[in-house]
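Work through the exercises below with the structure open. Try each task before reading its solution.

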Amino acid sequence: MRPAVINAVSSFLEKVAKGLIRDFGEIGNLQASREGTSPFVDVAVKRTEAMIHDALHRLYPTANLWMPLSGLMEYGGQNAPVWIVNALDGQRNFSHGLPHFSMSLALKEADQLMAAVVYDPLRYETFWACRGGGAFLNQTRLRVSGRTKSNQALISTRVPRGEKAALAAPLMQSLAIHGVGVQSWGVGSLDLAYVASGRYEGFFDYDTVPHDIAAGILLVKEAGGMVSTPDGRFPSLECDDLIAGNPTIHGLLRTLFPGRSLPSPQSL
């Protein structure tokens, strides 16, 4: 049976997602327009974020909210629990009509992630976790992949741009030499949910932001995986490089990450 907090959050996400799915259905009609899809998508994201805000604030009026468009909204003071929200992870995919995006929420209390939901509205997949209670896909318990051979591993990342692209080049070359498959769909919350469910063996990203990774971090940890910065610290949720995976592939990523010292990972 799902905890009450997961039931409440999942229920209103499913309702809010109906509007997002309708909006996605209109993207194909806008692709050829001179303005493109960006204005339409911006309106859709603002509306979806506002609906999630209203639902969360109604259910948890003394909790703070953190959203990409609005920033931190304090309703319960500095020490109150905070919901970290991404109304549409994969906005670029959405705007191009690519059917791969998600909605994610994570609850943080006293610097600890307590609950997480990543919802894929096109596949009706709800990935969720509560601290100490395991990770699940709908009603099925999740465990990270048991694959340990690098030439059998598939990992995901967000293709870096700018100066980070140069930093990533040696790592990508090393992964290719080890036979590791690499994919990039640009949806960090689903990437980490897929690590938790064993669909991917690992994940890495540069300069992460909290709304992309918070929910996924708890999913991976509760599914028996490991999450850290390349030097073994617990990620701060903001502007940190991040690696995740089953214990073996996580260790491989730490070893291959360029320019990093390699102390033993902290217990997460």
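**Exercise 1.** Find the partner of R47 in a salt bridge, and say where the two residues lie.

*Solution.* Step one: take the rule, a side-chain nitrogen of Lys or Arg within 4 Å of a carboxyl oxygen of Asp or Glu. Step two: apply it. R47 pairs with D23, and their closest N and O atoms are 2.2 Å apart. R47 sits in helix α2 and D23 in helix α1 (residues 4–30), so the pair links distant parts of the chain, 24 residues apart. Helices here are DSSP runs (H or I, at least four residues) and strands likewise (E, at least two), numbered from the N terminus.

This is a predicted model: local features need pLDDT of at least 70, side-chain atom pairs count only at pLDDT 80 or more, and totals for chains, interfaces and linings use all residues. Residues are numbered from 1 along each chain as its sequence is written, and side-chain values use heavy atoms, with hydrogens and water left out.

**Exercise 2.** Is D23 buried or exposed? Then classify R47.

*Solution.* Buried means under 20% relative accessible area, exposed over 50%, partly exposed in between (1.4 Å probe, protein chains only). D23 has 10% relative accessibility, so D23 counts as buried. R47 has 37%, so R47 counts as partly exposed.

**Exercise 3.** Which residue forms a salt bridge with R199? Classify both ends.

*Solution.* The partner is E125, with the closest N and O atoms 2.9 Å apart. R199 is in the loop between α5 and β11, while E125 is in strand β6 (residues 125–130); 74 residues separate them. R199 is partly exposed because its relative accessibility is 33%. E125 is buried because its value is 14%.

**Exercise 4.** Describe the surroundings of E109.

*Solution.* Start with its place: strand β4 (residues 102–109). Next, list contacts (heavy atoms within 4.5 Å). Leaving aside neighbours within four places in sequence, E109 touches P81 and M114. Last, compare sequence with space: E109 and R123 are 14 residues apart in sequence and 30 Å apart, C-alpha to C-alpha.
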